[in-house]
Amino acid sequence: MCQALSPPQILQLLRDYHGRMQQAVFAHHGTLDKYIGDAAMATFGTPLTGPDDATRALRCAHAMVAAVAQWNEDRAAKGEPPVDIAIGIHYGPVVLGDIGGAGRLEFAVLGDTVNVASRLEAMSREVGARILTSGDLVAEVEMENGGELPAFAGLVEGPSRTVRGRERRVDLWLVPKDETPGVAFAVPANHV
């Protein structure tokens, strides 16, 4: 899209997108960690964990899907192309703290959990998923909901896959791309 847009149009597109993602994250009591270009990284359970962090992250992902779907309807009415994005969600411990040098520190969420979520988001296109989650996320959502995956989840089990930088395979669950319109990037995490 950026090839066909002017700099002010690119900035407005990103503001519109980021605003919708921010609204979904905050509505589900998540923390918007940062924007990474056209991505938004959100955490659930930072800085303090809660009893439903994984469920709220998954609900947020579905809210993001709905927000982008509505936005795409508005864009289509104006003759603008749709926005097509994907989400990766993983659950696990993170490192939370300040990183950087003496001249500039940045509060950050780091670790394997963040890396796996990012790689799931990237892998989503390859496997045809709108939302791609790990089995760890699904297990936590089930535990938070009396041992069952809630009806809203809309997830189907996929194959386990090797994720770059990880020794053990990751079990995958997904919302197929052809069943839902766009979504963003979220990382549910628990505080270590």
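**Salt bridges and their setting**

Analyst: Asp84 is partly exposed, with a relative accessible area of 47%; here buried means under 20% relative accessible area, exposed over 50%, and partly exposed in between, for a 1.4 Å probe and protein chains only. The model is predicted, so local features need pLDDT of at least 70 and side-chain atom pairs count only at pLDDT 80 or more, while totals for chains, interfaces and linings use all residues. Residues are numbered from 1 along each chain as its sequence is written, and side-chain values use heavy atoms, with hydrogens and water left out.

The partner of Asp84 is Arg130, and their side chains meet in a salt bridge at 2.4 Å, N to O. A salt bridge is a side-chain nitrogen of Lys or Arg within 4 Å of a carboxyl oxygen of Asp or Glu. Because Arg130 lies in strand E6 (residues 129-134) and Asp84 in the loop between H2 and strand E3 (87-89), the pair ties together parts that are 46 residues apart in sequence. Helices (H or I, at least four residues) and strands (E, at least two) are DSSP runs, numbered from the N terminus.

In total, the structure holds 12 salt bridges. One of them pairs Asp53 with Arg56, where the closest N and O atoms are 2.4 Å apart. Both residues belong to helix H2 (residues 53-77), and being three residues apart they are separated by about one helical turn. Asp53 is buried, with a relative accessible area of 1%, and Arg56 also counts as buried, at 13%.

Another salt bridge links Arg75 to Glu80, with 3.4 Å between the closest N and O atoms. Here Arg75 is buried, at 8% relative accessible area, whereas Glu80 counts as partly exposed at 32%.

Two backbone features in loops can be checked as well. The peptide bond from Thr46 to Pro47 is cis, with omega near 5°, and Pro47 is found in the loop between strand E2 (39-44) and H2. His29 is not a glycine, yet it has a positive phi of about 60°. His29 sits in the loop between helix H1 (7-27) and strand E1 (31-36), and at 62% relative accessibility it counts as exposed.
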